[in-house]
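Dear colleague,

Please find the structure below, together with its sequence. A short account of the findings follows it.

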Amino acid sequence: MKRVLENDFLKVTIDDHGAELVSIYDKEKDREVIWQGDPRFWGRHAPVLFPNVGKHYGNHYRIGDKEYASKQHGFARDTDFTCIDSTLDSVTHQIRSTEETKEVYPFDFVLRIRHILKGRTLTVSWKVANNSDGDMYFAIGGHPAFRVPVLPDTKRSDYRLTFDGQESLTYLLLDPESGTAKAEEKATLKLENGTCQIEDHMFDHDALVFDNQITRAGIQLPDGTPYLELTCHRFPNFGIWSVPGSSFVCLEPWMGRCDDYGFTGDLSEKPFINHLKMDEMFETAYTIEIF
């Protein structure tokens, strides 16, 4: 079932399946902002990544002396959530651990995702509770895909990415075979007035992975005016991704990310992993503003 939030400016749709944001329709501009999916390129819209972001090296991870199989981005995006609260300006979804999830993720957890619409801003909040008898480790991330180009008679390379005042950014690329980060091979994204062109070949080698640099990222229309902006304070990781030849760009705020290439340590030792003690709660949020 799909849930709708609507005001004078935007109409937002969230699917119970995956608690996934599937539409932000700009009523004033008469245009859809979220990529509507195309299996030739990528069939999703804005999946929630939990309990891992990206891939574990070798598609498995270790806790103590036990190994667990894992798949890219975890299982939440393919799970039917329960809508536990719905108001005029917000909707809240929830999943709990099950015997099936414990086969691949051995923790008792509750994950709540809330979408809140105010004016031209959508807030996406996450709450993770550890109901296990001991410590719990996880990553969680957003993966919203935005339509680019969005204006008629324009192409993706007419648009620019915008950032919060930096002169340049350093990013990692993914190893094509394992899908994990080549942490020792850093590249530089040069910016001009805090922006850079969305070049045709920018994503030929998969996503760009940023650590400890991005708290605000947006997309600029060809005439230089803002299209949208995503804000994610205190998020240590960020991804920017698209598929060559497609008409979307993903701006991805992450709390944790994929393994570094070759990482075989315990999950608790993984860089950027989130740690909850028994009965602790984790909470954070990011916003999407449409101009």
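Strands here are DSSP runs of E with at least two residues, numbered from the N terminus. The model is predicted, with local features needing pLDDT of at least 70 and side-chain atom pairs counting only at pLDDT 80 or more, while totals for chains, interfaces and linings use all residues. Residues are numbered from 1 along each chain as its sequence is written, and side-chain values use heavy atoms, without hydrogens and water.

Strands β2 (residues 10–15) and β3 (residues 20–26) run antiparallel and are joined by six bridges; two strands pair if DSSP finds at least two bridges between them. Both belong to an open sheet of four strands, in the order β1-β2-β3-β4, with antiparallel pairing. Its edge strands, β1 (2–6) and β4 (31–32), each pair on one side only. As background, strands of a sheet pair through backbone hydrogen bonds, either parallel or antiparallel.

A further antiparallel pair consists of β6 (residues 60–63) and β7 (residues 66–69), joined by four bridges. I63 has K66 in β7 as its bridge partner. Two residues lie between the strands of this hairpin, where G64 takes a positive phi near 65 degrees.

Finally, what is the relative accessibility of D279? D279 counts as exposed because its relative accessibility is 60%, and exposed means over 50% relative accessible area (1.4 Å probe, protein chains only). D279 lies in the loop between β24 (274–276) and β25 (281–290).

Yours sincerely

Technical notes. Buried means under 20% relative accessible area, exposed over 50%, partly exposed in between (1.4 Å probe, protein chains only).
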